[in-house]
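User: Hi! Could you walk me through this model, one question at a time?

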Amino acid sequence: MAISTEELNFLIYRYLQECGFVHSAFTFSYESLVIKSSIAASRAKDIPPGALVSFIQKGLLYLQASLVLAVLRHISIVRSKNNCMILTQWIAKILILSLSHSPVRTATHWDY
């Protein structure tokens, strides 16, 4: 899934409006010509409030999930080839600790 520059500009413009940054929204719309874009004319009513924040949060969750899956894939490869259970658990704990200090938090907790 890709997002176009026009779509991103419109989401930023709407975010500025929703947060009450009226002057910034006006200046941004003037410089980016977002009001004259096809998105503003056709799909503005379909975009819910808070769409930019929701989009960014989902992207961060996707990155975090793909990182966890990559590490789990690595752990299963190490287990099957070398039987290094202690080492892989140590790697997983370090990853989990680093993710727990990230701005995006998950609802799950792993104990080894």
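**Salt bridges, core and a serine**

Analyst: Happy to! Arg14 and Glu18 both sit in helix H1, four residues apart, which is about one turn of the helix. Please keep in mind that this is a predicted model.

User: How far apart are N and O where the side chains of Arg14 and Glu18 meet?

Analyst: Side chains of opposite charge can pair when their charged atoms come close. Arg14 and Glu18 form a salt bridge, and its N to O distance is 3.6 Å.

User: Is Arg14 buried or exposed?

Analyst: The cut-off for buried is under 20% relative accessible area. Arg14 has a relative accessible area of 15%, so Arg14 is buried.

User: How many salt bridges does a search of the whole structure find, and which residue pairs with Arg43?

Analyst: The search of the whole structure finds two salt bridges. In one of them, the closest N and O atoms are 3.5 Å apart, and the partner of Arg43 is Glu7.

User: Why does the pair of Arg43 and Glu7 tie together parts that are 36 residues apart in sequence?

Analyst: Arg43 is partly exposed, with a relative accessible area of 41%. Glu7 is partly exposed as well, at 22% relative accessibility. The pair ties together parts 36 residues apart in sequence because Arg43 lies in the loop between H3 and H4, while Glu7 lies in helix H1.

User: Which element gives the most to the largest nonpolar core?

Analyst: That core has 11 residues, among them Phe10, Tyr13, Ala25 and Leu52. Helix H1 (5-18), helix H3 (38-42) and helix H4 (51-82) are the elements that give two or more residues to this core. The most comes from one of these, with four residues: H1.

User: How far apart in space are Ser32 and Tyr13, C-alpha to C-alpha?

Analyst: In sequence, Ser32 and Tyr13 are 19 residues apart. In space, the C-alpha to C-alpha distance between Ser32 and Tyr13 is 9.3 Å.

Terms used. Residues numbered from 1 in each chain as written. Predicted model: local features only at pLDDT ≥ 70, side-chain atom pairs only at ≥ 80, totals over all residues. Heavy atoms only, no water. Core = buried A, V, L, I, M, F, W, Y, C linked by side-chain atoms within 4.5 Å. Buried < 20%, exposed > 50% of the residue type's maximum accessible area, 1.4 Å probe, protein only. Salt bridge = Lys/Arg side-chain N within 4 Å of Asp/Glu carboxyl O.
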